[in-house]
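Trainee: I am new to this structure. Can we go through it in short questions and answers?

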Amino acid sequence: MTQMNTADVIIIGAGVAGLSTAMQLAGRGAKVIVLERDRVGNGSTGRAAGLLGQLRGKAEQTRMLVDGLAIVKELEKLADVEIFVQTGSLRIAETPERAEEISALVEMGKSIGFDIDHMSIDDVARHLPYMRTDDLVDACYCPTDGHLQPAELAAAYLKVGKQRGVRCETNTPVTGIIVEAGQVRGVRTAAAEYFAPVVMNAGGPWSYLNAELAETVLPTAAIGHYYLTTRPDPANPVDRLSPAVRDRELRIYTRPESGGLIVGIYDAEPDRYDMGKLPADFDMSRMKAARDSLQVAQLIEATHHRFPWINERTPMTITTGIMTFTPDARPFCGEMPNIQGLFHCSGFSGHGIVQSPVIGLIMSQLILDGHSTYDVSSIEADRYFDMPGYIDRRDIEDRCAAMAGNYYGKVERPTVAAGGQAAK
Ligand SMILES: Cc1cc2nc3c(=O)[nH]c(=O)nc-3n(C[C@H](O)[C@H](O)[C@H](O)COP(=O)(O)OP(=O)(O)OC[C@H]3O[C@@H](n4cnc5c(N)ncnc54)[C@H](O)[C@@H]3O)c2cc1C
């Protein structure tokens with residue numbers, strides 16, 4: 001064993017989850033080594049659209065994301081960069097059921113002091129003159145939301161992490177997890193062994209394969225996702241501070257990008273990936289979307305409905321990438337009961353960029369203190385442990401793909417319990 005390769009915590013994966021946690025741990029004096037199979041941010045992080053929406057169906061989750069945005073602002077100061085663009089965001093409703101959903105969300109948001117309110121359709125049309133609004137029945141506006149470039153977020157975590165002593169080794173795939181008598185001891189790569197009493201699996205879409213290295217099951221699945229980016233159109237200018245929009249009925253979200261518009265879709269029947277069958281040097285940044293695929297056709301059709309000036313002839317790029325979904329669309333954060341010291345931090349189900357600031361803090365608390373100051377009951381890693389139906393890969397993939405397919409489609413029913421705390 002070399003002194004060089006020992007740490008308090010080894011983190012597998014240099015995406016936003018791994019790097020945010022590394023920064024927080026090092027801020028509390030822990031010695032951290034991050035091992036990355038490829039380049040920093042080369043997984044889902046490098047493909048993300050970068051929306052930072054804080055509103056969730058549950059009060060506790062919304063509170064976490066509000067705190068996460070405060071961490072981003074602190075990070076900007078520490079790393080001496082400006083990355084967050086505050087545009088505000090809208091949720092729009094075209095059916096009475098969706099209008100009820102919005103009303104419940106506004107009520108829940110207000111109950112915890114989150115800045116949110118209904119917005120009249122006339123005001124929506126004034127904010128977004130390039131969007132169709134004649135079929136809307138209600139909308140709500142969150143002025144503090146916005147977006148950032150995920151690569152810049154990852155770079156900022158790394159910059160501050162390195163200032164605090166984090167060591168990050170790229171082009172270093174972890175090929176084995178060393179476990180002795182139920183306790184993790186470290187990891188193995190092609191060239192070396194690294195030792196630590198804690199290993200955190202932040203492997204994004206690969207994280208279920210990393211869990212298999214320790215002969216454990218992590219019920220996540222690798223799910224495809226698409227968005228388009230239009231070029232600037234003088235007839236339909238998109239201001240850089242135009243609010244993001246979430247249209248759950250059409251399954252789409254949008255934000256401004258370099259004078260054009262990003263529009264992403266949560267497909268009803270998303271692509272599935274077997275990460276184990278992809279080549280060892282698979283590079284997500286090189287993924288190309290088939291322009292004639294059903295997913296792209298559906299993306300353009302839904303976009304055209306909301307933004308009639310965008311159609312299949314509009315100059316645009318299509319981006320596709322791989323997300324990590326779980327059966328309930330909530331991440332797995334913490335230890336499983338069978339291996340002490342092996343923590344998982346994965347399964348962000350399309351929201352890992354926005355969740356990463358607070359998740360880094362939560363993971364550092366779980367690892368160093370054994371508990372968190374946040375209510376983590378809904379994101380505990382062991383919530384499906386050894387449960388029939390969540391062990392076999394095929395079952396897990398079916399459940400995760402079903403959740404992903406229904407993710408934007410389902411109507412949320414936020415409820416506010418006594419004391420302003422949303423009910424579970
Ligand atoms: C097209 C698209 C759009 C998205 N848009 C948004 C958005 O607008 N807002 C939002 O919040 N989220 C968005 N997401 C989701 C977001 O990108 C992810 O939730 C987030 O990046 C997950 O970060 P991560 O660190 O968990 O995983 P990743 O970024 O995938 O990082 C995992 C890293 O682990 C490495 N790794 C894996 N196994 C090993 C190993 N054995 N050894 C060494 N290294 C290993 C990988 O190479 C990778 O770099 C989007 C995702 C996609 C695909």
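Mentor: Let us start with a loop. Asn171 sits in the loop between strand 9 (167–169) and strand 10. Keep in mind that the model is predicted.

Trainee: Is Asn171 buried or exposed?

Mentor: Count the C-beta atoms around it. Asn171 has 11 others within 10 Å. The cut-off for this class is 12 or fewer. So Asn171 is exposed.

Trainee: What is the phi of Asn171 near?

Mentor: Asn171 is a residue other than glycine, and its phi is positive. The value is near 50 degrees.

Trainee: Which residue of strand 12 stands opposite Arg188?

Mentor: Strand 11 (residues 183–189) pairs with strand 12 over three bridges, in the antiparallel sense. Opposite Arg188 stands Glu193.

Trainee: Why is strand 7 described as largely enclosed by the rest of the structure?

Mentor: Look at which way its residues point. Asp138, Cys140 and Cys142 point one way, and Ala139 and Tyr141 the other. In a regular strand, side chains alternate between the two faces of the sheet. Strand 7 (residues 138–142) is largely enclosed because its buried residues number five of the five.

Trainee: Which residues stand opposite Cys142 and Tyr141 in strand 7?

Mentor: Strand 5 (residues 89–93) pairs with strand 7 in the antiparallel sense, over five bridges. Strand 6 (residues 117–118) also runs antiparallel to strand 7, joined by two bridges. Opposite Cys142 is Ser89, and opposite Tyr141 is Asp117.

Trainee: How many residues does the largest nonpolar core have, and which element gives the most to it?

Mentor: Nonpolar side chains tend to be buried together in soluble globular proteins. The largest core here has 121 residues, with Ala139 and Cys333 among those with the most contacts inside it. The element that gives the most, with nine residues, is helix 8.

Trainee: What is Cys333 in contact with, beyond its neighbours within four places in sequence?

Mentor: Sequence neighbours within four places are left aside here. The contacts are Cys345, Ile359, Ile362, Met363, Leu366, Val376, Ile379 and Ala381.

Trainee: Which element gives the largest share of the shell around the ligand?

Mentor: The shell has 41 residues, and Gly13, Gly15, Gly43, Gly204 and Gly352 come nearest. Elements giving two or more residues include helix 1 (16–27) and helix 8 (352–369). The shell divides into 19 nonpolar, 18 polar and four charged residues. The largest share, four residues, is from strand 19.

Trainee: How far apart in space are Tyr253 and Val354?

Mentor: Tyr253 is found in strand 16 (residues 252–257). It counts as buried because it has 23 C-beta neighbours inside 10 Å. Tyr253 and Val354 are 101 residues apart in sequence. In space, C-alpha to C-alpha, the distance is 14 Å.

Key
Residues numbered from 1 in each chain as written. Predicted model: local features only at pLDDT ≥ 70, side-chain atom pairs only at ≥ 80, totals over all residues. Buried ≥ 20, exposed ≤ 12 C-beta atoms within 10 Å, placed from the backbone. Pairing = 2+ DSSP bridges. Near = placed C-beta within 6 Å. Nonpolar A, V, L, I, M, F, W, Y, C, P; charged D, E, K, R; others polar. Core = buried A, V, L, I, M, F, W, Y, C linked by C-beta atoms within 7 Å. Contact = placed C-beta atoms within 7 Å.
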